[in-house]
Structures are given as structure tokens and as C-alpha cells.
Amino acid sequence: MAPKNPIILYGFKKSGHSHRAELMLRLLDVPFEFREVDLARGEQKTEAFLKLNAFGQVPVIDDGGVIIPDSSAILVYLAKKYDPAGLWLPEDVEAAAKIQRWLSVAQGPLINGPARARLFNVFKVPVDHAQAKDIAEKLFATLEQALRGASFLIGSRATIADVALYTYTAHGPEGGVSLDPNPNIRAWLSRVEALPKFAPMPATKIGLAA
């Protein structure tokens, strides 16, 4: 199933939240048009953009007049609408609950840890870098154990949980958070990157990624 017209994705190429949405569109092979939002100039706080997302954040998608802000909401929407087989977001209650758990992690420790550490290094946002790195390292230790003997976060195939956690984990070194102690995470990242239609977020040569 494809939209009548390409979905419009309002985003920022170096935003991990934005990349989640873009990656999901690509993995589902859904046609879309990317519209860059100039965050540095505050375009996300303009009256026009606030009509799309009152919180003034990217990403937002416009699917034929259906406006969906928030990366997690976008993942759910796209999986429900454009994956009729239910592979990315299964109907099974237990699997769906496990995916929701990882979506919560993506909006909690992942944002407060590796994403915030990257904000400090890449965008010079004045956050507590040491605290963010500590949260990231604890998260990665937990994620490393969760991926022991597992191909993906929920069983043997990728779901929206993997899409939600991939980007900020992969770019953790940009925030000074090493992935070297975590072979299971590194192997998982490689499996996500091997998925058909995968495309990475642009890298920044800074921190441990320099």
C-alpha cells in the first residue's frame, strides 16, 4: 500500500528523531519528500511550523493532510498504515507490549543519555555532559545484555523498537560514549544497517567518532 502522494517529512538531517522517521519510511519503501527545517534559525518555532507541531519539534509528517508529529507516534502510524502484514508492529499483545517498553526507553534513557551527550558535542548545547555519558553507559550495559543471543530487540526480525533505538545508539561515539565494550550492540547495529533500503544519518566527526 502506498500513499496517493508522497508523504512530506519535515525534519533535520542530523536529528536522530528525524532520522527515525526517515529510516522507517525507507524501510517500508513509502514514497516521501524531505523538507529541511532550519533549527539553527528557529524555523521550528515559527507560526507556520507550530501549526504542524505545537511543541515546535521535528519530525512531523504530512500524509495527505493527516499531520503526525513526534518520532515514536510516526513510527506507530507508519507501521499501522503501511505494513499490513504487521511485521514492524505485531498485533500480538505480548510483542506489542515489549515494543512499547523499548519506545519508552527511546524517549527516556536514550534521549537523556547518548542523545544529550551528542547534543553537547555536536551542537554545543549546554547540558551536563558527564551525567549524560553516565546515563548512556548504563543504558548501553543494559542493552548489551538484552541483545545477548538475540538478533533484534524483539525476536528474530526487526521491529519499530529497533528503528527507535538505532540512531542515537549508533551515533553515541559522537557524544563521547564508546561502543567498544558492547559487541552485542555493535552486531545489532550491523544487522539494522544490513536491512533493505537502510540509509544512515549523516555522521559528525567529533568526540570518539573524530
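**View 1. The residues around the largest pocket of this predicted model.** Here 28 residues line the largest pocket, and Ser 15, His 17, Gln 57, Val 58 and Leu 119 lie nearest its centre. On a 1 Å grid over the protein atoms alone, a pocket is an open set of points where a 1.4 Å probe fits, with protein on both sides within 12 Å along at least five of seven lines, and lining residues have an atom within 4 Å of a point. Its volume comes to about 730 Å³, meaning the space filled by probe spheres set on the points.

**View 2. Who supplies the pocket lining?** Helix 1 (16-27) and helix 5 are the elements that give two or more residues; helices are DSSP runs (H or I, at least four residues), numbered from the N terminus. By class, the lining splits into 14 nonpolar, nine polar and five charged residues (Asp, Glu, Lys and Arg count as charged, and Gly is among the polar ones).

**View 3. Helix 5 meets helix 6.** The axes of helix 5 (residues 109-123) and helix 6 (residues 129-146), lines fitted to C-alpha atoms over the stretch in contact, come within 7 Å and cross at roughly 135°. Touching residues (heavy atoms within 4.5 Å) include Phe 120 of helix 5 and Phe 140 of helix 6.

Residues are numbered from 1 along each chain. Local features need pLDDT of at least 70, side-chain atom pairs count only at 80 or more, totals for chains, interfaces and linings use all residues, and side-chain values use heavy atoms, leaving out hydrogens and water.

Note on methods
Axes fitted to C-alpha atoms, helices over the stretch in contact; angles between N-to-C directions.
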